[in-house]
Amino acid sequence: MRILIVEDEPDLLKALTRALRDEDYAVDTATNGADGLFNAESTDYDAIILDVMMPQMNGWEMLERLRKKKKTPVLMLTARDQSRDRVKGLDTGADDYVVKPFDLPELLARLRALIRRTSGQTSSDLEIGKLKLDLRARKVSLDGDPVDLTAREYRLLEYLALHRGEVVSRTDLYEHLFDENDTTLSNLLEVHISNLRKKLGGDFITTRRGHGYSIE
Amino acid sequence: MILKSIKWRLQAWHGFLLICLVSGLMIGFYTYQQRARLQAVDNELREKLTLLLPRVAPPGGRGDGERRRRPPPDELRFDGPADFSPRERNFESGAFEATGFYYIARSQEGRRSSSTNAPQDIPFPEFKARQGTTLRTRGEFRELIHAVPTGTRVLVGTSLATALAELHQLAATLTVIGLGIVVTGSAVGWWLAVRALRPINEISNAAVKIAAGDLSKRINTSETESELGQLATVLNSTFARLETAFAQQQQFTSDAAHELRTPVSVIVTQTQSTLTRERTPQEYRETLEACQRAAQRMRRLIESLLELARFDTGQETLRRAPFDLANTARDSVELLRPLARLREIAIHGELSPCEMLGDSERLGQVVTNLLSNAINHNKEGGEIRISTRWETRTAVLTVSDNGPGITPEHLPRIFERFYRADAARTSTQGRSGLGLAISKAIVEAHGGSIDVQSRVGIGSTFTVRLPLATRPES
């Protein structure tokens, strides 16, 4: 999962980035609305955390301009808790709204819910045959036995599972699993896929040559 | 409760006066009628007496001496020792009985003569006068007693029953009319009072509603000409001021909360994310530093808020002493020169000596604030000019920059608390949005003024004017 954080307060941005990376998200950052909009338009993020009060272009404006092109889920962060601000945020196209100072676990839960809802999933437990994914605890089990996955392997499996039935291209996977700071070589994706197949059994992930991967 | 209502008090006074007036008039009218009636009866009695007298006393026998010398009249024939009657029955029935009058004549010797309808037991008053006329009311009879010089007394009387009945009738009519007037008058008075007081009720109802919460409501002032219209206008302007004050207060509170939210969220998020797992000493250090920055920011904000609150409540006292404003300005310039150099901004000073009385530390704060604003809002490589000079008993300090300037929509509001020309916090510089508000409070506490001129693309000039009459108050 790849997340964009747009926040002008550097200490808050740093803490949020660290918290999300701890949760194995790929994280990109921007410190103003203009940069944020550029990032959001050029990359398919799984979610955007957007601060309202920012120099140059504020959160409202950025959201409004983004919505003309993309439906990326947006979670607004604001220091104003008046209900008219909340109404404005939701009307402008924000998908959720968190008032500062927020509780970090709550923010992370809302972010998970936002990503889950976008893929049409309502529960935080996902079952594919014998395979079971706990999206909240980021745990995978096969026939009731826990499977030990690395963070990357888990995110890769989660992404494919949330897009079950679709063919996910390699570009897509790169976009959603790695952030700007990753200097991953393309063949690393193959390594993760082959490791997953070893751990889960070969038939879960199918390869569509020339198109990408999918979980049926 | 009812006694305190203006409407009821008005009504009570109105009713009381109306009753006094009407009953006075009615009683006066009745008394006049009664007198007139009695007067008429008396006049008739006198007429009858005039008719009767020639028969009791000879005509022309008016003088005292004459009467004494003359023999008793013979026109009236006394029929017996205690009785006498007029000679002509015709006269009696014509002049007396038919008209309801009666007479009794009694001679000195005790002989009497009377009309047939005369009551028998009429007492003759024992009056001392030998002659003259006396009127009296006995029961419902009115009687005129005349003493003839010869000693004969003649009494002419009539019943007042008819007159009294008529007067009673009149009294009853007057009472009914009076009551009618009082009732109608009270009703009209009530109507007038209600009508006159209705706008007051409307005003007070509207005022109650407004006071109960909705300060945006106003009293209807359609009758602006009347006194009540003026009252409503005054109330409305008071409400408008209240509304503004409330809105400002709310804005201020919300702004202050907003300013505190960001550093608090830094602390919460930093600590929560750090504590989720073991970190390296370097990471702990970074977290602590971030928390410290946030805490310092809150401390500065709280200090600024308290400072403003002290100015608002007049608790902030200035330590006034003679000092040179030029020196203060020079100190501020030296303090901020490193920051200016960092942004490659040149500061030019034209500081002529300005000896004055005031709180040099506070005014230094003002100069520093203006200068740091000029540096922070200037473009790189810009210029700042600071000057102090005298202008007709006023010390003038100006700080100008050639930065981007302030747009006219922001210009009137930049001295407001938490107002920022750019909507975002520029948190990195740790500014609270209170600097200019505090500067303004300090200058105004000195009896001075601060204003700004700005043109977009050319720059801004802040001018502080401090009157020479800034003397210690004690």
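Trainee: Which residue of strand 11 of chain A is the bridge partner of A:T207?

Mentor: In this predicted model, the bridge partner of A:T207 is A:Y213, which belongs to strand 11 of chain A.

Trainee: What makes strand 10 and strand 11 of chain A a pair?

Mentor: Pairing needs at least two bridges found by DSSP between the strands. Strand 10 (residues 205-208) and strand 11 (residues 212-215) of chain A are joined by 4 bridges, so the two strands pair, and they run antiparallel. Together they form a hairpin with 3 residues between them, and in the turn A:G210 has a positive phi of about 85°.

Trainee: What secondary structure does chain A have, and how many of its residues count as buried?

Mentor: Chain A comes to 8 helices and 11 strands, and 38% of its 216 residues count as buried. To count in this way, a residue must have 20 or more other C-beta atoms within 10 Å of its own. If we take the contacts in chain A with a separation of 6 or more, 57% of them are between residues 24 or more positions apart.

Trainee: Which residues touch the most other members of the largest nonpolar core?

Mentor: The largest nonpolar core has 60 residues, and A:I3, A:I48 and A:L50 are the ones that touch the most other members. Helix 6 (residues 151-162) of chain A gives the most to this core, namely 7 residues.

Trainee: How do you know that A:I48 touches A:V74?

Mentor: Two residues are in contact if their C-beta atoms lie within 7 Å. A:V74 is listed among the residues that A:I48 touches, so the C-beta atoms of these two residues lie within 7 Å. Leaving aside residues up to four places away in sequence, A:I48 touches A:L4, A:V6, A:A40, A:T72 and A:V74. Apart from this core lies another core, of 31 residues, including B:I345, B:C354, B:I384 and B:L436.

Trainee: How many residues does each chain bring to the contact between chain A and chain B?

Mentor: Chain B brings 24 residues and chain A brings 22 residues. On the side of chain B that touches chain A, helix 5 (227-275) and helix 6 (281-313) of chain B each supply at least two residues, and the largest share, 12 residues, comes from helix 5 of chain B. By class, the residues of that side of chain B are 7 nonpolar, 12 polar and 5 charged.

Trainee: What does chain B contain in helices and strands?

Mentor: Its secondary structure comes to 9 helices and 12 strands. Of the 474 residues in chain B, 26% are buried.

Trainee: Why are strand 7 and strand 11 of chain B called edge strands?

Mentor: Strand 7 (346-351) and strand 11 (449-455) of chain B each pair on one side only. They belong to an open sheet of 5 strands in chain B, with the order 7-9-10-12-11 and mixed pairing. Neighbouring strands of this sheet are turned by 15° against each other on average, direction ignored.

Trainee: What makes strand 9 and strand 10 of chain B a pair?

Mentor: At least two bridges are needed, and 8 bridges join strand 9 (residues 383-391) to strand 10 (residues 394-401) of chain B, so these strands pair. B:R385 stands opposite B:S400 in strand 10 of chain B. Helix 8 of chain B packs on the sheet, touching strand 9, strand 10 and strand 12 (459-467) of chain B, and its direction makes about 20° with that of strand 10 of chain B.

Trainee: In what order do the strands of the antiparallel open sheet of chain B come?

Mentor: The order of its 5 strands is 2-1-5-4-3, with strand 2 (112-114) and strand 3 (132-138) of chain B as the edge strands. Within chain B, strand 4 (residues 141-147) and strand 5 (residues 153-159) are joined by 7 bridges and run antiparallel, and B:R142 stands opposite B:T158 in strand 5 of chain B.

Conventions:
Residues are numbered from 1 along each chain as its sequence is written. Chains are lettered from A and ligands numbered from 1 in the order in which they are written. This is a predicted model: local features need pLDDT of at least 70, side-chain atom pairs count only at pLDDT 80 or more; totals for chains, interfaces and linings use all residues. A nonpolar core is a set of buried Ala, Val, Leu, Ile, Met, Phe, Trp, Tyr and Cys residues joined through C-beta atoms within 7 Å. A residue is buried if 20 or more other C-beta atoms lie within 10 Å of its own, exposed if 12 or fewer, and partly exposed in between; C-beta atoms are placed from the backbone. Ala, Val, Leu, Ile, Met, Phe, Trp, Tyr, Cys and Pro count as nonpolar, Asp, Glu, Lys and Arg as charged, and the others, Gly among them, as polar. Axes are lines fitted to C-alpha atoms, for helices over the stretch in contact, and angles run from 0 to 180 degrees between N-to-C directions.
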